[in-house]
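This report is for a reader meeting the structure for the first time. Please look at the sequence and the model, then read the sections below.

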Amino acid sequence: MSLLKGKRALITGVANRWSIATGIARQMHEHGAALAFTYQGERVKDEVEKLAAELGGGPVIECDVASEDSLARLAPALAQFGKLDALVHSIAFANKDDLAGKTHGTSRGSFGLALDISAYSLIALVQALHDQLADGSSIMALTYLGATAIVPNYNVMGIAKAALEASVRYLAFDLGDRGIRVNAISAGPIKTASARQVAGLSKMLDVVAATAPLRRNVTPDDIGKMAVFLASDLSAAVTADVHFVDGGFHAMGMYPPPQ
Ligand code: NDP
């Protein structure tokens, strides 16, 4: 299948082969997209370059979304790659101490950091890539159920995801006159480096596997398939929404009693 033949996508947030962004990149590559990647720092550069080489060998560019200089270098670095048909935002950060215990323990500084890296970064990327995005392109960001429902320990990250989801809607309105679509994918829990920072992740995975309508956890490739749909012309009229890829867990009103 080549739903993305001739399309160019920028993938952010590949840290290693378990990252959700890696599953997205793999699925987009299988569907014929040409891919460019960003990475945050030297620590992961080699790994991201290795993965990029396996997935078509596109450009690999340093981009720390907390740095204005770094963001300013992004569009020039992509000039040769060409205009983007898809932009994947798969970036989040919060201090580990804030992903356990009580939300009212969050300091002002930690709150600002989580919101900056996990939510404002979408706006910052759109700003930096405004002229690099093709008319009719598709932007997507990764979010989680904790944005709209209480997930113990997710705490400040839930608040950041709520801001991210609101940003998706406002950006969808702003960019809609260029035919650019902006959506969020709400992934079920997946054991990645970021998710491991949230206290009780293993229990969350167990609960989802036991109680979601599909009775299983999701994989980065499950998320990648939704990303392919959102980047493809099949979703030409889909924007400003949050699309769950969580085995249906978000729709449960009560857990079934244990068998
Ligand atoms: P990963 O840890 O694999 O990916 C998170 C990425 O964010 C890493 O590549 C990390 O880079 C990057 N990042 C953090 N800070 C910055 C920064 N300042 N500039 C640029 N990049 C930065 O975890 P996931 O794949 O799980 O996370 C991807 C997205 O999916 C996140 O938005 C997350 O909240 C979301 N999500 C995850 C779920 C899960 O259960 N795993 C569920 C629902 C949503 P580095 O490693 O170099 O710091």
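## Ligand contacts

In this predicted model, a polar side-chain atom of Ser194 lies 2.6 Å from an oxygen atom of the ligand. Taken alone, the ligand exposes 890 Å², and the protein buries 92% of that area. Thr192 also contributes its side chain: an N or O atom there is 2.5 Å from an oxygen atom of the ligand. With Asp64, the ligand atom involved is a nitrogen, which is 2.8 Å from an N or O atom in the side chain.

There are 27 residues around the ligand. Those that come nearest are Ser19, Gln40, Ile190, Thr192 and Ser194.

## The largest pocket

By class, the lining of the largest pocket has 27 nonpolar, 12 polar and 3 charged residues.

## Helix 1

A residue counts as buried when its relative accessible area is under 20%.

The buried residues of helix 1 are Ile20, Ala21, Thr22, Gly23, Ile24, Ala25, Gln27 and Met28. After helix 1 comes Gly32, with a positive phi near 95°.

## The second largest pocket

The second largest pocket holds about 350 Å³ of space. Its lining consists of 17 residues, and Ile150, Val151, Val207, Phe249 and Tyr255 lie nearest the centre. In the lining of the second largest pocket, 13 residues are nonpolar, 3 are polar and 1 is charged.

## The cavity

How many cavities of 30 Å³ or more does a search of the whole structure find? The search finds 1, and about 40 Å³ of space lies in the largest cavity.

Phe249, named above for the second largest pocket, is also one of the residues that line this cavity. By class, the cavity lining is made up of 6 nonpolar residues, 2 polar and 1 charged.

## Positive phi in two loops

Asn153 is not a glycine, although its phi is positive, at about 80°. Asn153 sits in the loop between strand 5 (133-143) and helix 5 (155-175). Because its relative accessibility is 22%, Asn153 counts as partly exposed.

Arg215 is not a glycine either, and has a positive phi of about 55°. The loop that holds Arg215 runs between helix 6 (201-211) and helix 7 (220-231). Is Arg215 buried or exposed? Its relative accessibility is 52%, so Arg215 counts as exposed. The cut-off that applies to Arg215 here is over 50%.

Key
Residues are numbered from 1 along each chain as its sequence is written. This is a predicted model: local features need pLDDT of at least 70, side-chain atom pairs count only at pLDDT 80 or more; totals for chains, interfaces and linings use all residues. Side-chain values use heavy atoms; hydrogens and water are left out. Helices (H or I, at least four residues) and strands (E, at least two) are DSSP runs, numbered from the N terminus. Buried means under 20% relative accessible area, exposed over 50%, partly exposed in between (1.4 Å probe, protein chains only). On a 1 Å grid over the protein atoms alone, a cavity is a set of points where a 1.4 Å probe fits but cannot get out, and a pocket is an open set with protein on both sides within 12 Å along at least five of seven lines; lining residues have an atom within 4 Å of a point. Grid points are joined across faces, edges and corners, and a volume is the space filled by probe spheres set on the points. Ala, Val, Leu, Ile, Met, Phe, Trp, Tyr, Cys and Pro count as nonpolar, Asp, Glu, Lys and Arg as charged, and the others, Gly among them, as polar. A residue is near a molecule or strand if one of its heavy atoms lies within 4 Å of it. A polar contact is a pair of N or O atoms within 3.5 Å; within protein, one must be able to donate a hydrogen and the other to accept it, and residues adjacent in sequence count only if both atoms are side-chain atoms. Accessible areas come from the Shrake-Rupley method with a 1.4 Å probe; for residues, only the protein chains shown count as cover.
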